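I opened this notebook to record what I looked up in the structure.

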Amino acid sequence: MTGWTEEHVPHVTEGTIAVVTGANTGLGLDTTRVLARRGATVVMACRNQDKATAARRSLVEGGIDPGRLRTASLDLADQASIAGFADALPDDRIDLLINNAGLMAVPRSSTVDGFETQFGVNHLGHMALTLRLLPRLNTTPGARVVTLTSMGHRPGRIRLHDPNFRRGRYNRWTAYFQSKLANMLFAAELARRNEGRGALSLAAHPGYAVTELGKDTGFQARLLSVADRIAAQPSAAGAWPTLRAATDPAAVNGGLYGPRRLVSGRAVRETPSRTARRADLAGRLWDLSLDLLSPAKVTDPLA
């Protein structure tokens, strides 16, 4: 097979529970739509509950069984919210965790816990969520964790000495690329550490898809809107790599899935950057991240 579209996504076993972060818009909404149509019950884990409710309503109006859609409050910029979400999740089993939510190239700011926002949300927020849910994932046969990265992981560098940009000049794109490389390294390290314990860990990137990322205000938003019209694929197509990583029976633990033509096209397996394949760097980032998360009482269930 030369690549996947959503037509290749198989029906899932009745009772399958999928948690999708940032499910109210863009890639997360399209991932939710397809998984629910294929029989999963999807927990739409979103920061803004008004938007989550509206998104759920749009899916129901589009023919999705309302019983397959649940909304839940989750703010990845707040470790207390992450802990509360994990504690309140009633399901003993979790089949899929889709670490989809993210920020791109935002101005300098900090999370509730004092982390640089892009590193704190895109990487540390999802790492904390994954580790809190991992015991349930590991006791669910066939479970998977899919972490969204981007093409931006390729120029990314990890500032092990200063990941939160406490010193020196802040650059929003440098911070974004770091967070996306961190996503890729986390997915790879989770695959290594969790091998044989249960859940698979995979990564996916959408290529260049039309989403709301990076379009809050100003010149950057206008520039990205023009680029969308010239080069971007629809959000629904951008979700294909995530869906393949989540449901392809032949998907490989630790694998990265993206568009066949780099920025667009059917979902295929691809090779991460050389930096993203450094097991030593992934291990150091894992340990650093756990140290940063320790005040929030995030522990490593694999230790």
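The entries below follow the order in which I consulted the model, which is predicted.

Entry 1: I began with strand 1 (17–21) and strand 2 (41–46). Strand 1 and strand 2 run parallel and are joined by 5 bridges; Thr21 stands opposite Ala45 in strand 2. Together with helix 1 (residues 26–37), these two strands make a right-handed β-α-β unit. I then traced the pairing of strand 2 with strand 3 (residues 69–73), which is also parallel, over 5 bridges. Met44 has Thr71 of strand 3 as its bridge partner. From strand 2 the chain reaches strand 3 through helix 2 (residues 49–61), in a right-handed β-α-β crossover.

**Entry 2: faces of strand 2.** Are the residues of strand 2 buried or exposed? I found 6 of its 6 residues buried. Thr41, Val43 and Ala45 point one way, while Val42, Met44 and Cys46 point the other way. In a regular strand, side chains alternate between the two faces of the sheet.

**Entry 3: nonpolar cores.** The largest nonpolar core has 48 residues, and Phe85 and Trp286 are among those with the most contacts inside it. Helix 4 gives the most to this core, with 10 residues. For Phe85, I listed contacts beyond four places in sequence, including Val19, Val43, Ala45 and Leu133. A second, separate core has 32 residues, among them Trp4 and Leu96.

**Entry 4: helix 9.** Helix 9 (residues 279–293) reaches 21 Å from its first C-alpha to its last, close to the 21 Å expected. Its buried residues include Leu285, Trp286 and Leu293. I noted helix 3 (79–88), helix 4 (117–138) and helix 5 (172–193) among what covers the buried residues of helix 9.

How values were computed
Residues are numbered from 1 along each chain as its sequence is written. This is a predicted model: local features need pLDDT of at least 70, side-chain atom pairs count only at pLDDT 80 or more; totals for chains, interfaces and linings use all residues. Side-chain values use heavy atoms; hydrogens and water are left out. Helices (H or I, at least four residues) and strands (E, at least two) are DSSP runs, numbered from the N terminus. The expected span of a helix is 1.5 Å times one less than its number of residues. Buried means under 20% relative accessible area, exposed over 50%, partly exposed in between (1.4 Å probe, protein chains only). Contact means heavy atoms within 4.5 Å. A nonpolar core is a set of buried Ala, Val, Leu, Ile, Met, Phe, Trp, Tyr and Cys residues joined through side-chain atoms within 4.5 Å. Two strands pair if DSSP finds at least two bridges between them. A crossover is right-handed if, with the strands pointing away from the viewer, the path from the first strand over the helix to the second runs clockwise.
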